[in-house]
Amino acid sequence: MNVILLKVEHEQPACALVEALREAGVCATELATVGSSRLGASGVKVSPLAVICEVSERANIAGIHAALTEAAAAWPEASIVACRRFETGEAQPELYRLDMHALLRLGFHSVADHPAQLPALLREIGDSGETLPGTTSLSERLNSAPPASMLLPDNLSVACLRGAFEAVASLHFVSDQKSAAQTALAGLAPLVRADRWTIYLAGLERGQLEARFEPLAVRGLTESERALPEGDWQLALHSDSLMLLTGTESQAARDAFATNETLRETDGERRILAVPLVNGERVVAVLEAVREGSAARDFAANDATLLSALALPLSAALANSVRIAEAEKLSQTDDLTKLHNARFLRQYLIAEVKRARRYGSTVTVLFFDLDDFKEINDHYGHLAGSHVLMEMATVILTGVRDTDVVARYGGDEFVVILPETNLEMVAGVAERMREKIAAHIFTGGRGLRLRLTASFGVAAFPEHSQSPQQLIADADAAMYEAKAAHKNCVRFASKPDAK
């Protein structure tokens with residue numbers, strides 16, 4: 001089994017790569033430089049099974065593409081394999097700058113995340129006897145479909161290049177998906193003229209034959225889209241133009257999703273440029289630019305190349321914003337009960353008290369603690385106690401309104417915030433919840449039949465407290481008064497003049 005080790009920019013192959021091939025009995029020939037004439041004069045007489053190229057974290061994409069093109073011309077029947085090279089410690093694959101999809105589009109046939117994977121990968125290539133699926137040779141694929149998404153156009157002006165850099169840099173400061181999309185469109189609009197820009201989230205749901213497109217962000221509208229029928233202005237006002245675009249994605253956008261290729265098409269008086277946005281190996285969104293009118297010009301090839309190059313950081317920004325939102329949600333959620341946690345509670349209560357102070361409304365806090373919960377942990381174990389707390393979360397949620405916020409404050413303490421609710425109404429809510437808890441049979445996850453009660457404390461803004469912190473403290477103090485009054489009851493905080 002013979003292979004070629006292709007070195008880009010005079011980098012020596014890693015020792016681990018050479019050792020892995022040697023131990024597997026693979027005969028590897030190293031090429032010191034890359035260049036068509038030198039490849040031809042390299043003295044390599046055998047037809048290699050594969051050409052292996054190491055890809056480092058700081059890989060020069062243009063250099064790699066040039067090397068692959070020349071290697072494919074020298075050995076058109078060989079498979080070209082990428083082997084990742086991490087220069088510092090254990091790099092996480094999901095954070096690698098060139099993911100699997102990007103490497104395949106760059107021209108590689110297969111990708112090994114570690115040199116130890118190469119022997120098995122080479123045996124698989126040898127057994128299959130194939131180069132690249134869907135092409136007659138690797139050379140044909142590299143020469144007919146260069147990875148435009150990985151390279152900026154050569155003739156970009158300084159101003160356009162600066163604008164592209166600023167568009168990418170601005171994406172680092174967004175933390176939610178919609179903001180990422182809107183920021184991207186704001187950066188792209190000065191680079192390529194279009195009447196309307198849209199980013200559609202796209203995907204196939206289970207059981208669907210066609211992809212579902214959902215407009216995430218829009219910038220500008222075409223002339224025909226501005227001419228809304230009478231009465232539709234209210235829809236446009238409330239939807240921020242997004243609802244108007246639902247179901248109106250172009251066929252080019254659908255084809256770009258299906259083929260994972262940047263497309264330039266004409267639809268009547270519309271000129272459309274559709275760019276797939278890829279995360280990992282899946283198209284998650286489509287960027288669509290539209291020009292409209294009889295005098296509208298076609299999008300140039302350079303426009304497509306530029307937007308394809310910027311699609312990679314845009315896709316990453318959309319994916320990162322989702323991960324940030326999920327992390328933020330996790331940081332505000334109690335792991336056990338899946339209710340809000342104390343951190344979220346404090347932030348929410350501060351906002352609600354500010355709103356109540358501004359509009360002259362009320363905010364009421366219901367603070368309650370389970371009576372003698374420690375006995376459950378002592379008699380049945382902490383796993384049973386944890387299951388009881390999860391059951392308690394369900395009991396509480398079925399006893400409050402959608403507008404109320406429920407949080408686990410800590411241990412077996414829970415808090416319910418009731419916006420715009422006076423003390424008389426809260427008294428009824430607290431009493432119903434007390435009765436609901438007392439009547440419920442808890443299983444502890446073991447088929448047990450456990451009974452529990454709870455002691456409730458109530459405090460309201462502005463009747464009892466003027467600050468969010470004091471509101472919680474007063475509700476807590478009232479709860480301890482309920483504990484002192486033989487538990488399983490409701491007590492209200494003392495008013496300031498009675499303290």
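Entry 1, the pair α15 and α16. Before reading any helix pair I note that axes are lines fitted to C-alpha atoms, for helices over the stretch in contact, and that angles run from 0 to 180 degrees between N-to-C directions. With that convention, and keeping in mind that this is a predicted model, I looked up helix α15 (residues 373-380) against helix α16 (residues 382-397) and found an angle of about 140 degrees, with the axes 6 Å apart. On the α15 side I list F373, I376, N377 and Y380 in the contact, and on the α16 side H382, A384, G385, V388 and L389. Sorted by class, this contact of α15 with α16 comes to 6 nonpolar and 3 polar residues, with no charged ones.

I then turned to helix α14 (residues 342-359) and helix α18 (residues 468-484), whose axes lie 9 Å apart at an angle of about 115 degrees. The pair α14 and α18 is therefore roughly perpendicular. L345, L349, I350 and V353 of α14 meet P468, L471 and I472 of α18, and I recorded the classes of this contact as 7 nonpolar, no polar and no charged.

I checked strand β9 (residues 270-279) for burial and found it mostly covered, with 9 of its 10 residues buried. Strand β8 (residues 263-267) runs antiparallel to β9 and is joined to it by 5 bridges, and in this pairing I found L263 opposite A274 of β9. The hairpin of β8 and β9 has 2 residues between the strands, and there I noted that G268 takes a positive phi near 65 degrees. I also followed β9 to strand β10 (residues 282-292), where 10 bridges join the two strands in an antiparallel arrangement; R270 has E292 in β10 as its bridge partner.

Last, I looked up the pLDDT, which averages 80 over the chain, with 78% of the residues scoring at least 70. Over residues 89-96 the pLDDT is below 50, and I note 8 contacts in the model for this stretch beyond near neighbours in sequence. Residues 131-150 also stay under 50, and for them the model has 45 contacts beyond four places in sequence.

Methods:
Residues numbered from 1 in each chain as written. Predicted model: local features only at pLDDT ≥ 70, side-chain atom pairs only at ≥ 80, totals over all residues. Heavy atoms only, no water. pLDDT = per-residue confidence, 0-100. Contact = heavy atoms within 4.5 Å. Helix = DSSP H or I, 4+ residues; strand = E, 2+ residues; numbered from the N terminus. Nonpolar A, V, L, I, M, F, W, Y, C, P; charged D, E, K, R; others polar. Buried < 20%, exposed > 50% of the residue type's maximum accessible area, 1.4 Å probe, protein only. Pairing = 2+ DSSP bridges. Parallel < 35°, antiparallel > 145°, perpendicular 65-115°, else oblique.
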